[in-house]
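Visitor: Could you walk me through this structure, one local feature at a time? I have the sequence and the model open beside me.

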Amino acid sequence: MALPTRPVSLSRRGLLRAAALAGGATAGGGLGLTLGTPAAFAAELGPPNPALANDVRTEFLTAWNAYRRLAFGRDELRPLSGTGSEFFIGGAPLGLTIIESLGTLYLMEQDAELNAGINWITNNLNFNRNANIHVFESIIRLVGGLLSGHHATGNPVLLARARDLADRLLPAFNSPTGIPFRFVNLRTGAVSGNVTPLAEVGSNITEFGYLSQQTGDPKYFNASKRALRAVWDRRSGINLLGTSINVQTGAWSDTTARVDPPVDSFFEDLHGAFAMSGDAEVFGWYRTLTNAILQRLPETVGGRLWFRQVDMNTGATRSRFQSELTAFYAGLLAQGGNLAEGERYHTSWAAVLDRHRLPPESIDYTTLNARSNSYALRPEFIDSALFLWLTTGNEIYRTRAQLMWNRQRTHCRVANGYAVVSNMTTTPTTKGDLTPGYWFAENMKYYYLLWSGARRLNYQDNYLTTEGNVLRGLIRI
Ligand code: DMJ
C-alpha cells in the first residue's frame with residue numbers, strides 16, 4: 001500500500017470532495033456554505049461571541065489549574081476528592097490529561113501552560129512499562145494527543161514519544177487477519193483480547209496516517225488499512241457489518257449491525273482516512289457501508305430519526321435504543337455528504353435535551369425515556385453541533401451548543417472544575433469523582449471553536465480526530 005502523501009486540501013473535513021465523490025450532492029440538502037476565501041468563509045459562519053469564548057476559557061482554566069495543583073502528571077483529575085487517578089495502568093501515570101489538553105491549550109493561546117505540559121512529557125513520560133495497555137484508547141488519546149501537540153508546535157519530542165508508543169502498539173496488529181488484538185504489553189509486545197469491537201479495529205488510521213506522513217515510514221498507515229480491509233472483506237450480503245470480530249479467525253462474534261458503541265468511531269475513521277490522506281478506496285468503503293446503514297437502520301418515531309440495532313445478515317430489528325455517544329453520527333453524516341440526515345438526527349438529540357437536564361448515557365428512543373440517568377461529561381452532541389455549524393453556517397447549531405453549555409455549567413460544575421454526573425434526576429445532580437481526559441480534549445475545544453473565531457485554527461481546512469485532536473489546520477502564530 002502506498003504511503004499517504006501530503007494531505008489533500010479539503011474543506012470542512014472533506015465535505016465538499018466527499019459530496020462530489022458521493023455523486024455531486026448531499027441527500028436532499030445541498031452543501032450549505034459556499035467555498036470562498038478563508039475570510040469569506042468566516043464571514044459566512046457568523047461573528048464570534050467573545051464573551052462566551054472567554055467564559056469557556058475561564059472554565060477550562062479553572063479545571064486545568066485544579067489538575068495542575070492536585071494531580072499534575074496523573075492520568076485524570078478527581079475533582080471531588082481533590083486527587084488524581086490512572087486511566088491506563090495502575091501505579092504508572094502517563095499524564096493523560098496533559099496530553100489530551102495540548103491542542104486545547106494551543107488554541108486558547110495558553111502557551112505557558114502548554115510549555116509546562118510539554119516539559120512534563122519531555123522529562124517524565126515513559127512508555128517502557130511491563131503492563132498491558134488498551135490499544136484503541138491509547139491510540140485515540142495518547143498517540144493522537146501527542147501528534148496534535150506536534151502539529152501545533154513542531155516539537156520533535158512529541159513526535160518521538162508518539163512514535164515510540166505506536167511502535168510498542170504495532171504488535172497488536174500482527175494477527176492472522178490483520179485485525180488488532182485489544183491489548184498489548186508495552187514492554188514485551190505480548191498480545192491479548194482476541195475479540196475486538198469495530199471501534200477498536202478502525203479508530204487508528206488518522207493518527208497512524210499522520211505518523212506515516214511525518215516519519216516517512218508507511219508501516220503505521222499500512223497496518224491500519226489492512227485492518228479496515230479485513231473488516232470490509234467480511235461485510236454481509238446486504239453490506240452491513242457486525243459489532244465485534246475474532247482477530248484470529250475473522251468470524252463475527254456479534255452479528256448486530258449498529259452505529260452505537262462499540263462500533264461508532266469505526267465509521268468516523270473510515271471517513272477520516274479519506275479526509276486526512278485522500279484515500280479514495282477507503283472512502284468508497286465508507287459510502288457503500290453508509291448507504292446500507294441509511295437503507296436498513298433508520299427508524300422515524302414521532303418525526304424523529306434514530307438508528308436501530310439490526311441483524312447484519314437479514315436487517316431484522318434486534319433492539320431500539322440509542323447511546324449518547326451515537327450523537328456524533330449527525331456531524332459525520334453531514335461531513336460525509338448526507339447533510340439532510342445529519343441535520344435531522346441532530347434535531348432528534350435536541351429533543352432529548354427538551355426532556356432531560358443532560359443527555360442520558362442511553363435512551364429508549366421510542367419514548368425518549370432514559371435507560372441510565374448518568375451523564376459522563378460526554379462531548380458528542382457538541383461535536384456534531386460544531387461540524388454541522390461549519391458545514392451549514394446555521395446559527396441553530398450554536399444556539400443548541402449554548403443550551404448544552406448552560407446545562408453543563410448548571411449541573412456538572414464543582415469547585416475544582418467539572419464532574420461526571422451519576423444521577424441527573426436529583427437536585428442538585430449527584431456528581432461522580434472524575435473529570436475525564438476527553439472533557440479537556442473535546443468538550444472545551446468544541447465550545448471554544450464555536451464562539452472564539454480562534455486565530456490559530458483554519459476553520460476552512462482542518463481535521464479533528466474522534467478524540468478532538470487536531471491533525472490538520474492548526475496555524476503556528
Ligand atoms: C471519546 O473518547 C471519543 O470520542 C471516543 O471515540 C468515544 N467517545 C469518547 C467520549 O465520549
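Guide: Let's start in β13, where T317 is the bridge partner of V310. This is a predicted model, in which local features need pLDDT of at least 70 and side-chain atom pairs count only at pLDDT 80 or more, while totals for chains, interfaces and linings use all residues. Residues are numbered from 1 along each chain as its sequence is written, and side-chain values use heavy atoms, with hydrogens and water left out.

Visitor: Over how many bridges do β12 and β13 pair?

Guide: Helices (H or I, at least four residues) and strands (E, at least two) are DSSP runs numbered from the N terminus, and two strands pair if DSSP finds at least two bridges between them. Strand β12 covers residues 309-311, and its pairing with β13 is antiparallel. The number of bridges is two.

Visitor: Which residue takes a positive phi in the hairpin of β10 and β11?

Guide: β10 pairs with β11 (residues 304-307) in the antiparallel sense over four bridges, and V301 stands opposite R304. Two residues lie between the strands of this hairpin. The residue with a positive phi, near 60°, is G302.

Visitor: What is the relative accessible area of L377?

Guide: L377 lies in the loop between β16 and α15 (380-392). Its phi is positive, about 50°, although L377 is not a glycine. L377 is buried, and its relative accessible area is 0%.

Visitor: Is α15 roughly parallel or roughly antiparallel to α16?

Guide: α15 and α16 (residues 396-412) pack with their axes 8 Å apart, at an angle of about 160°. Axes are lines fitted to C-alpha atoms, for helices over the stretch in contact, and angles run from 0 to 180 degrees between N-to-C directions. Angles under 35 degrees count as roughly parallel, over 145 as roughly antiparallel, 65 to 115 as roughly perpendicular and the rest as oblique. That makes the pair roughly antiparallel.

Visitor: Which residues of α16 make the contact with α15?

Guide: Contact means heavy atoms within 4.5 Å. From α15, the contact is made by F381, I382, A385, L388, W389 and T392. The residues on the α16 side are Y397, R398, R400, A401 and M404.

Visitor: What separation do the C-alpha atoms of G145 and I99 have?

Guide: G145 lies in helix α6 (residues 135-153) and is buried, with a relative accessible area of 0%. Not counting residues up to four places away in sequence, G145 touches I99, L102, I140 and N469. G145 and I99 are 46 residues apart along the chain, and their C-alpha atoms are separated by 5.2 Å.

Methods:
Buried < 20%, exposed > 50% of the residue type's maximum accessible area, 1.4 Å probe, protein only.
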